[in-house]
Amino acid sequence: MRILVSDDVSEKGVALLREHFDVDVKTNMPPAELLECIGNYDGLVTRSQTQVTEEVIAAAKNLKVIGRAGVGVDNINIPAATARGIVVVNAPEGNTIAAVEHTIGMTLAMTRHIPQAHQSIQEGKWDRKSFTGIQLSGKTLGIIGVGRIGSRVAKRMQAMEMTTIGYDPYITEERARQVGVELVDFDTLLARSDYITLHTPLTKETRNMVDAAAIAKMKDGVRLVNCARGECFDVHAIADAIKAGKVAGAAIDVYPDEPLTLDNNPFLGMFNVVQTSHLGASTIEAQEGVAVDVAYGVIDALNGKPVMNAVNMAPIPKSVAAVIEPYFSLAERMGTIAIYLADGPVEDLDIEYTGALSETETQHLTTAFLKGFLSPSRPDSVNYDTAPGLAKKRNLNVKESKSHKTGYYSTAITVKIKTSSGEHFIAGTLFDGKDPKIVQIDQYSVDFDPKGYLLLVPHIDQPNMIGQIATILGKAAININGMQVGRTTESGTNIMAVAVDDDIPNDILLQLSGIEGILDVKLIHCEE
């Protein structure tokens with residue numbers, strides 16, 4: 001597979017990608033050149049410069065994943081990528097601390113006029129009176145967006161003895177209390193805050209969130225900080241408010257139109273404004289961190305694995321991932337086996353999680369099962385992003401349930417497949433917390449690894465069944481690398497699970513089916 005890196009990305013991330021794929025680094029490409037070459041690549045890694053438009057995505061015939069080495073994905077057309085089944089990956093954690101520290105640095109620089117005092121010294125002056133500032137201690141900080149970055153800003157500013165209030169419709173009161181933030185509505189935050197800092201993504205709701213109308217509701221002498229998304233601030237309204245004396249100061253790192261020039265900078269010549277050139281993530285550690293994080297996401301996506309930091313599917317919190325990640329392979333392989341078991345059109349899938357899995361979020365394991373279930377019929381178009389949508393298009397009724405009751409296995413996944421001709425069951429678990437095992441097929445208790453080529457043969461419990469099957473496979477030069485016989489609680493029938501090295505031709509399968517006492521023969525191909 002081939003990867004295009006179209007922006008400046010840390011070499012650590014590029015080196016990691018090169019361990020797995022062919023990587024071309026082509027930065028500063030004109031849009032026409034990107035359109036011409038993108039069809040040759042399976043993956044694209046960008047920062048903020050490359051605009052991944054609907055037109056680019058339409059030309060990307062082989063593209064399976066887009067990686068953004070950073071948090072914001074404003075430069076990527078997410079709906080177009082999702083419609084094409086392209087996974088979009090970002091790096092939400094890698095530059096968090098850098099953004100937090102820059103926010104605090106900008107706040108202090110604005111409050112104490114540090115850049116202006118430095119410039120005065122450079123000019124040979126010794127002026128103390130002009131640069132008198134104020135203290136943060138005792139002031140109220142209003143945080144718009146109390147997420148990864150906003151919550152960390154709150155903690156650090158609490159150490160500066162600031163009162164922290166926040167507006168965020170997506171977090172709970174309990175979470176806000178944990179980080180020492182009082183949740184308030186937007187207008188209350190505007191009215192009470194001495195300082196306001198914004199930490200939200202760019203959406204329809206947050207575009208120009210701080211505009212002239214919002215400023216009118218603020219305290220006189222408020223100070224504003226934006227190290228998040230430039231389009232969330234109406235910079236011209238803020239500049240006007242500074243000139244009018246309503247806003248006492250601003251610290252701005254991001255802008256609606258970048259790069260900023262002498263022609264489009266509304267804050268030129270303003271003494272009480274501190275500006276930087278989109279430096280929130282510009283630390284060595286952050287650049288390496290986002291590059292490595294997004295590289296792992298791209299590698300997982302192209303290897304058909306679940307992506308923890310995908311943008312266009314529900315993210316997986318680290319606490320949840322720690323529990324469910326070992327079960328992904330099991331769930332996907334159970335899905336593959338399930339579709340082979342079905343004797344007719346599937347109407348319902350009932351997936352039950354027990355033990356430790358009943359105590360956590362399991363939506364992503366259900367998605368893994370659906371990926372395995374749908375892949376045999378659509379191997380080129382099913383991934384963790386597209387599987388739920390394809391299941392809906394097929395009118396599959398998928399029911400997910402959890403039970404605290406455990407059977408023989410403390411933690412297990414059990415699936416009931418309802419078809420037009422009957423029902424089938426499959427159950428799986430992990431041995432030693434890491435090795436996937438199938439432990440039930442229909443009424444049979446089994447114990448086999450769901451990988452490679454598997455021959456499932458229910459048969460009458462009578463002598464020489466194993467011998468006849470082994471003889472036919474041996475004559476066809478098909479190597480058996482494992483075999484296990486499972487019995488039912490009802491006497492009379494068994495099931496044989498035979499692991500073989502290679503695919504089995506149809507004529508050999510017909511010979512196996514012709515053995516007296518064989519009830520069915522199914523060849524299943526699970527990923528290694």
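**Exercise 1.** Which helix does L190 lie in, and is L190 buried or exposed?

*Solution.* Keep in mind that this is a predicted model.
- Start with the location: L190 is part of helix α9, which spans residues 186–192.
- Next, check the accessibility. L190 comes out at 0% relative accessibility, so it counts as buried, the cut-off being under 20%.
- Now look at the surroundings. Leaving out residues up to four places away in sequence, L190 touches I196, A214, K217, M218 and K219.

**Exercise 2.** Work out how α1 and α12 are oriented to each other, and which residues meet.

*Solution.* 
- Grab the geometry: α1 (residues 11–18) packs on α12 (residues 284–302) at an angle of about 20 degrees, and the axes are 7 Å apart.
- Angles under 35 degrees count as roughly parallel, so α1 and α12 are roughly parallel to each other.
- As for handedness, the two cross in a right-handed way.
- Then list the contacts: α1 supplies K12, G13, L16 and L17, while α12 supplies E288, A291, V292, A295, Y296, V298 and I299.
- Sorted by class, that contact has eight nonpolar, one polar and two charged residues.

**Exercise 3.** Find the buried residues of α17 and say what they pack against.

*Solution.* 
- In α17 (residues 465–475), the buried residues are M465, I469, I472 and L473.
- Their arc around the axis is only 95 degrees, which puts them on the same side of α17.
- Their packing partners are β19 (452–460), β20 (480–487), β21 (493–500) and α18 (506–513).

Terms used. Residues numbered from 1 in each chain as written. Predicted model: local features only at pLDDT ≥ 70, side-chain atom pairs only at ≥ 80, totals over all residues. Heavy atoms only, no water. Buried < 20%, exposed > 50% of the residue type's maximum accessible area, 1.4 Å probe, protein only. Helix = DSSP H or I, 4+ residues; strand = E, 2+ residues; numbered from the N terminus. Arc of directions from axis to C-beta. Contact = heavy atoms within 4.5 Å. Axes fitted to C-alpha atoms, helices over the stretch in contact; angles between N-to-C directions. Parallel < 35°, antiparallel > 145°, perpendicular 65-115°, else oblique. Left-handed = near helix turned anticlockwise from the far one by under 90°. Nonpolar A, V, L, I, M, F, W, Y, C, P; charged D, E, K, R; others polar.
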